[in-house]
Amino acid sequence: MSEIILEIKNVSKSYGGVIANQNISINVPKGKITGLIGPNGSGKSTLFGSVVGNHPINSGTIKYKGKEISHMRVGEIARLGLLRTFQQTRIYGEMDGVKNMLISRPIRHHNLMPSFHRPHKDDYEKANSLLDFVGLSSKKHLLAGSLSFGQQKLLEFAMALMNEPEMLLLDEPTAGINPTLINGLIDRLKAANEEFGVTLFVIEHNMRVIMNLAEEIHVLANGKLLSSGSPEEIQNDPRVIEAYLGGH
Amino acid sequence: MNQILSNLELLKIAPLINLELLVNGLLVGSIFALIAYGMALVWGVMDIINVAQGAFVILGGYAAFYFINFASNLFPAASPIIWVILSIPIAAAAVALFSYLVFASVISRILNRDLFVSLLATFGIELVLQQLMNQVFTAEDRIIDSGLATISMFQYQVNIPGSRLLGAGLGIATAIVIVLIMRYSRFGQAIRATSQNARAAGIMGIDTNKIYALTFALNGAICGVAGSIVAFVFIIHPFQGVIYTLRSFAIVILAGLGNIAAVILAGLGLAIYENFAGFIFGPQLQNAFVFLIVPVVLLIRMYIMRRQRKYLE
Amino acid sequence: MRTWQTNIATLVILVFFLVAPFLFPNNMSQLSDLMIFILIALAWDMLGGQMGYNSFGNVLFFGIGMYIVASSEVILGGFKLAEYTSAMGGNQGSFILTPSQYLIGFGVGIALASIINFFLGLLIGSQFLQMRGHYFAITTLAIGVAAAEVARSIPIIGAGSGMNFPQPPDGVPLFHILYYMGLALVVLFFIFLSWLYKTRFGFIMNAIRDDEDKAESMGLPTASIKSTAWAISAFVFAYAGALYGSAKNFIDPSEVAFPFTTIGVWMILMAIMGGMGTIWGPIIGAIVFQIFKELFWTYLFGWQRVALGLLIVIIVVFFPDGIMGAFNNWKKRRNLQNTAKAKT
């Protein structure tokens, strides 16, 4: 059993009267790729939001590298090296790809003085090599807002890597991406995990992708943790099949 | 400081002053609430903040003033109160027509732009309108004499101008008419549908552009009514519009959009608050108290939302 | 835009501004107003154009700066502020400053005004800049309006009847001083902004404009960047306000100090006219606006404010990209045509 980087324990979250997450406990091991699946509305994105501090939780604890973070705000958590991406891409549309990347260089402190510098040569090199890594080299001088949805997702992923996170929460990285490009993206995610040692925690709807990618998968249904295990175990778990097919 | 304390003392010694401040606040507040409701309607339905609201009110006042002048010269024997009442639909129609022209020429072109753009564009309209009124109607104060006496009670300790009473009554009557229109007419339903989800309303076959035009014209009519009330309750002057704009603004911020009951409560509350603040801290600080309440209220709302890690936007 | 052509253009403009007082000695008040307009247009655009925080409330710093300078001149001239303001009714004659007293009071005042407003900007910004979008615009509008009303009720600065500046002593070329002080800050601020917009600080300001939530979720120090930018802008606004008040020689709370219907809208109009979010836009916008304004006041007197209102509506509705926007679009189209030509 490897070291646990993220420990979610008995987390509950409700909006108004609607319970989105109920008593969820998940451990994410460091340096691995962990999957999070579940039908629409099962509370996956809510759980991500709770982890990175988008909203407060009602009860439970969330520990990142042994440190309680559930009371912290999104910026503070990001400065600890824990980032997320969004289902709908979030990029800076009025700037080109390189500037998007340069902005994403990490700042891990409140001191503003370092920001009164022009970007260094290393920053440009790193930006270019990461854009190359996700295959966007030829598009890097276009306005980010003019890129296709799939390209924006790749850019957002590259921006996240530029921030040098230890752990990255990816919300449906392949949704909306041209199916012919998905294999390449899986390859990039695995490469990011292996080359940069980034722990990945991935929400994914595409079963083929997640089974291929993750070593361990957690299944949410109706806001509760339904099942956890290896891809094979999950694929053969009758409760999971029931949850996915039950509504139909 | 001493002045403030002695004013407070006065409120304690002569409790009837409180009553007078309260009643006058309620009467004046109902006129402000009417104007603010028009602003909230346009803001909520069209996402446009109409800074020219006050200038529309003043325009309505001039329409009423000239109509009454004209009519009472024609029929000098009739009681002025008849003309005051009749001036209301006239002013409403005039300002509604004017609003429609403003909509067609300017507002229709900024509908999908940022709210900030609407602030600037309608500020430009306000400037043009106020200066035009200044040129055409001159800067003289205009007032309509409703012929109503001041009602005094408790041995002249509580004085309530009859014109205010009439103005508030007419304001309330207008508000009731508008609520009925909004609730029961097809037009009202279409407005509500459009404000909730313009795209869905469009798909359902509602001509949203027409709804926007009618909403803006309806706001013009409301301003026209308010203007003719203002003409006999207060005074009409080309540059006085900003008073009504800023107060409506404060009321809408306090009340939020789309809830007429909240707008009325906020309008009455603001006027009462303002009357008391003016009495206690002196009339020169009355306006400061009105305008400062906007940032204060927004700050409080922001701090509350912050705890949910949300933003005021 | 970093070609030798722009460098030469910049140099030509600078030389023109340096000699302008000799070319137009009869238009010194218009020229010093122009410097003030350039300053406030640049300072407004720093927040509105580059950071996406459209504010109506910068007149707050403008007015406070003005009051500080006037008070500094009175106090360092050896008078009591309360006596001065209460006596302003008719006997201004008894409050005479020597040239050195006047200049020291002015210099100390303008430095104090800028620095105090910088910190005031930090303080206010740290709270109000947590609001987003139009709530921010509305709040700043209300603050600007309220500031005038509050100033109206403070007797020591003349309350509603306003406050005169001490009369500039004979031999003090006031407008030349104001003009060159304005120009000095224009040059410094321009150099500063050209540099700032290329630093990470400037990049993060742009990121806040494009998607603040994203910038925050990447751990960027958005809150302190916002407050600092606001404070820098407050510094410039106070400086500009100090010059403007000195030029008018009289402070009226709502017409001169906190003029949310004139300066408070003009600053935005100039930035939009020239092109928001560009460094040259506010400068060009200020120059064009000042020309329009003077033409209106000269040839349309009586109707000048009607014309100005129409100008606002037309610019905002029909030309939101401004002059620089049109220029950049033209350049882009030309480049596309050129590449299309090169391909065939």
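Here are some friendly notes on this predicted model, point by point.

1. The model is predicted, so local features need pLDDT of at least 70 and side-chain atom pairs count only at pLDDT 80 or more, while totals for chains, interfaces and linings use all residues. Residues are numbered from 1 along each chain as its sequence is written, chains are lettered from A and ligands numbered from 1 in the order in which they are written, and side-chain values use heavy atoms, leaving out hydrogens and water.

2. Chain B has 12 helices and two strands (DSSP runs numbered from the N terminus, with H or I of at least four residues for helices and E of at least two for strands). Along the sequence the pattern reads α-α-α-α-α-β-β-α-α-α-α-α-α-α.

3. On overall dimensions, chain B has a radius of gyration of 20 Å, which agrees with the value near 20 Å for a compact globule of 313 residues (taken over C-alpha atoms; the rule is 2.2 Å times the number of residues to the power 0.38). Along the principal axes, the C-alpha atoms of chain B fill a box of roughly 65 × 65 × 40 Å.

4. Of the 313 residues in chain B, 53% are buried (under 20% relative accessible area; exposed is over 50%, partly exposed in between, with a 1.4 Å probe and protein chains only).

5. Now to charged pairs: the structure holds 20 salt bridges over all chains (a side-chain nitrogen of Lys or Arg within 4 Å of a carboxyl oxygen of Asp or Glu). In one of them, A:Lys30 and A:Glu166 meet at 3.5 Å, N to O. A:Lys30 sits in the loop between strands E2 (18-29) and E3 (33-37) of chain A, and A:Glu166 in the loop between helix H5 (149-162) and strand E7 (167-171), so the pair ties together parts 136 residues apart in sequence.

6. A:Glu166 also forms a salt bridge with A:Lys65, with the closest N and O atoms 2.4 Å apart. A:Lys65 lies in the loop between strands E4 (59-64) and E5 (67-68) of chain A, so this pair joins parts that are 101 residues apart in sequence. A:Glu166 counts as partly exposed at 28% relative accessibility, and A:Lys65 counts as partly exposed at 45%.

7. Please look at A:Asp123 and A:Arg105 too: they form a salt bridge whose closest N and O atoms are 2.9 Å apart. Both A:Asp123 and A:Arg105 are buried.
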